[in-house]
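Here is a short tour of one model, written for someone who likes to see the cut-offs next to the values. Have the viewer open and follow along.

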Amino acid sequence: MVIIAPSILSADFTRLYDEIKAVTDAGAEWLHIDVMDGHFVPNITIGPVVVENIRKKTSLVLDCHLMIEHPEKYIDAFIKAGADIITIHSEAVLEPLDLITQIKKLGCKVGISINPETPLEKILHIIPKVDLVLIMSVHPGFSGQKFIDDVVPKLKQASEVIKKIKKQIYLQIDGGINNQNAGLVKKNGANVLVAASFIFKNKEYHTAINQLKEA
Ligand code: DX5
Ligand code: ZN
């Protein structure tokens, strides 16, 4: 079964609670929270205070995607705020293993992410230690970008690596996901699909989520 994780980056922030309730009612299981710092990526978005407030209002899995430099400085704050999963970028830290151990010790699930141009080889030694691998299918920073087809072979490669490991590791894809490419990414092993604009720019969240699930 595929998990749909709407990214609130494209939600109407003046009505954030209603938006979260609407995607929940429409069948979302996770909520993807894009954290950007203006350094690792050019954009600035959401911090722990927003996560803390969302936590009070939902039991969805809060999947925090940290697109920030020095993620080690903010791990405690995001865990205290109620994050269920924290994903860090392999490009943001020299050697992520210590930080991954630390996040796990604090009782939170942990993911590792790679940008479109980063080869899977960079994280092969890390994959057995994490709960989630995130393959970026756009350059991180903004929602509404076009899916980069070139990442599909890397997605498949990640799926084959994960299959050989005897534990549950989610394979997430993020960026430009819509009803046209959802089938392709699922066929190549993705089991968590993040989508911001395809869901929140659709009048019918239920229809959009179902299209992703059934593609
Ligand atoms: C991009 C973010 C994505 C983004 C996806 O940096 O990590 O999660 O919100 O947006 P769409 O689905 O519109 O490409
Ligand atoms: Zn994201």
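Let us begin with a histidine: the side chain of His89 makes a polar contact with the side chain of Ser113 at 3.2 Å. A polar contact here is a pair of N or O atoms within 3.5 Å; within protein, one must be able to donate a hydrogen and the other to accept it, and residues adjacent in sequence count only if both atoms are side-chain atoms. The side chain of His89 also makes a polar contact with that of His65, at 2.9 Å.

Some ground rules: this is a predicted model, in which local features need pLDDT of at least 70 and side-chain atom pairs count only at pLDDT 80 or more, while totals for chains, interfaces and linings use all residues. Residues are numbered from 1 along each chain as its sequence is written, chains are lettered from A and ligands numbered from 1 in the order in which they are written, and side-chain values use heavy atoms, with hydrogens and water left out.

His89 sits in strand β4, residues 85–89; strands (E, at least two residues) and helices (H or I, at least four) are DSSP runs, numbered from the N terminus. Leaving out residues up to four places away in sequence, His89 touches, among others, Phe40, Met67, Ile112 and Pro140, where contact means heavy atoms within 4.5 Å.

His65 leads on to the metal. The zinc ion (ligand 2) is coordinated by His65 through ND1, together with His32 (NE2), Asp34 (OD) and Asp174 (OD), at 2.0 to 2.3 Å. Donors are N, O and S atoms within 2.8 Å of the metal (3.2 Å for Na, K and Ca); water is not among the atoms, so sites may look incomplete. The zinc site is octahedral, with angles of 71 to 171° among six donor atoms; that label asks for six donors with opposite ones over 155 degrees apart and all others between 65 and 115.

How accessible are the residues named so far, and one from a helix? Buried means under 20% relative accessible area, exposed over 50%, and partly exposed in between (1.4 Å probe, protein chains only).

| Residue | Relative accessible area | Class |
|---|---|---|
| His32 | 0% | buried |
| Asp34 | 5% | buried |
| His89 | 0% | buried |
| Gln157 | 28% | partly exposed |

Gln157 belongs to helix α5. Its side chain makes a polar contact with the side chain of Glu121 at 2.9 Å. The buried residues of α5 include Val152, Leu155 and Ile162. Seen down the axis of α5, the buried residues fall within an arc of 155°, so they line one face of the helix; the arc is that of the directions from the helix axis to the C-beta atoms.

Definitions and conventions. Four donors count as tetrahedral if all angles lie between 85 and 135 degrees; four count as square planar and six as octahedral if opposite donors are over 155 degrees apart and all others between 65 and 115; anything else is irregular.
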